[in-house]
Amino acid sequence: MAGAELIGQEEIREVVGVLESGILARYGFDAERKGIYKVRAFEEAFARYCGAGYAQAVSSGSAALKVALTALDVGPGDEVIVPAFTFLATYEAVLEVGAIPVMADIDGTLNLDPAEIERKKTPRTKAVIPVHMCGSGAHIDRIVETARRNGLLVLEDNAQGCGASFRGKKLGTFGDMGIFSFDHYKTITTGEGGMVLTNDRNLHLRAEWYHDHGHDHLGADRALDGRTILGFNYRMNEIQGAIGLVQLRKLDELIAAQQRNKREIKEMLSGIPGVGFRELVDPEGDSATFLAFNLPEEVLAERFQKALAEQGVGTVCFKRNFWHYVPNWEHFLARSTANSRKHPYSHPANNGAVAYDRSAIPRAEDILGRTLVMGLAVRMPPERMDKIRGALEQAARVL
Ligand SMILES: *Cc1c(COP(=O)(O)O)cnc(C)c1O
């Protein structure tokens, strides 16, 4: 639960400060707000922390995906390559902008296999969305290199990997754009919220305009703003911005604590014959929100998971999970968009013949079925660790 575990006096003080200012909106009220601009300060601090040129705060990670895809001008007639293992929002965002998501397989990192880009590419492909699932990175260097060679845009969905890095560079800054989520379950939280990063000024401006009805935020007040494109409202508010600022200050310590906890549990697991681990592209850059380990066969993983659960230790097998694996989304597979004419599948610019069969993702079918994922916390006191140790020892007997 990471950031949510650490909500305390600092967040409370910041929120009270915003309420006392009387201004909850991030834009406007310049005379009344006494110089307090929390969302703007959060954006600046976040861009600096990640080493990105520009940051645009938005109302959620899902909104961030839609804003970024819109800024990148992805729309009807375009295909976007997305890994089979991700949260549903990544696929929904592609549909939201009128494009078609194309499902791709994963590799030992549990993230997008770079080799899939050239296999899944068609003349319609415009972009690739690598997702850094469960806090650990994809082969982002190879993904960006392959995408560039094929003339494709890269949008990193780093909703789950805030603070993680690859060779010293923060995830979310490798592609043309990168997004983050600050919902309650993510590495740091603002309750709901998201961020869009880019180094490209033009993409940043398009994201800024689109997320606020086209306002360019250059007027003396909002009524005097200029506008070029239409947009919508995906704004973050000042209370969220204030909480984000405090949470960001806690991020490095939070990750260090999770890394210590992960190391300790990995140590326990490594004594069990047959147990393997998820490939970590850069263990030092791991945000360590989760620990993913595998067994040689799916039946063994299932048995092990059940034995752990009986001892009070929960794990997730994402092949059987309801929300993070494409073959399990019956409403998505039925093309049940909220529109009765099934937009965007029915759009004349789109090719309706897209398939989401399990046979197209053999690696995910194999490895996700054998993999168990344990959520880590910042605070895992010795009693909790002892409980996990005992449960692992018990569970090892069923293998
Ligand atoms: C959580 C999540 C999102 C969506 O973020 P929200 O803030 O919940 O809208 C998108 N992608 C992934 C991979 C996520 O885990």
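How many residues of strand S8 (residues 177-181) are buried? Some ground rules before the answer. This is a predicted model, where local features need pLDDT of at least 70, side-chain atom pairs count only at pLDDT 80 or more, and totals for chains, interfaces and linings use all residues. Residues are numbered from 1 along each chain as its sequence is written, and side-chain values use heavy atoms, with hydrogens and water left out.

Now the answer. Five of the five are buried, so S8 is largely enclosed by the rest of the structure. Buried means under 20% relative accessible area, with a 1.4 Å probe and protein chains only. Strands here are DSSP runs of E, at least two residues; helices are runs of H or I, at least four; both are numbered from the N terminus.

Look at the side chains. Met-177, Ile-179 and Ser-181 point one way from S8. Gly-178 and Phe-180 point the other way.

Next, the partners. Two strands pair if DSSP finds at least two bridges between them. Strand S5 (residues 153-157) runs parallel to S8, with three bridges. Asp-157 sits opposite Ile-179. Strand S9 (residues 194-198) pairs with S8 in the antiparallel sense, over five bridges. There, Phe-180 has Met-195 as its bridge partner.

Now another sheet. It is open, antiparallel, and ordered S10-S11-S12. S10 (276-277) and S12 (371-375) are the edge strands, each pairing on one side only. Five bridges link S11 (residues 290-294) to S12. Ala-292 faces Val-373 across that pair.

That's the tour. Thanks.

Notes
Buried means under 20% relative accessible area, exposed over 50%, partly exposed in between (1.4 Å probe, protein chains only).
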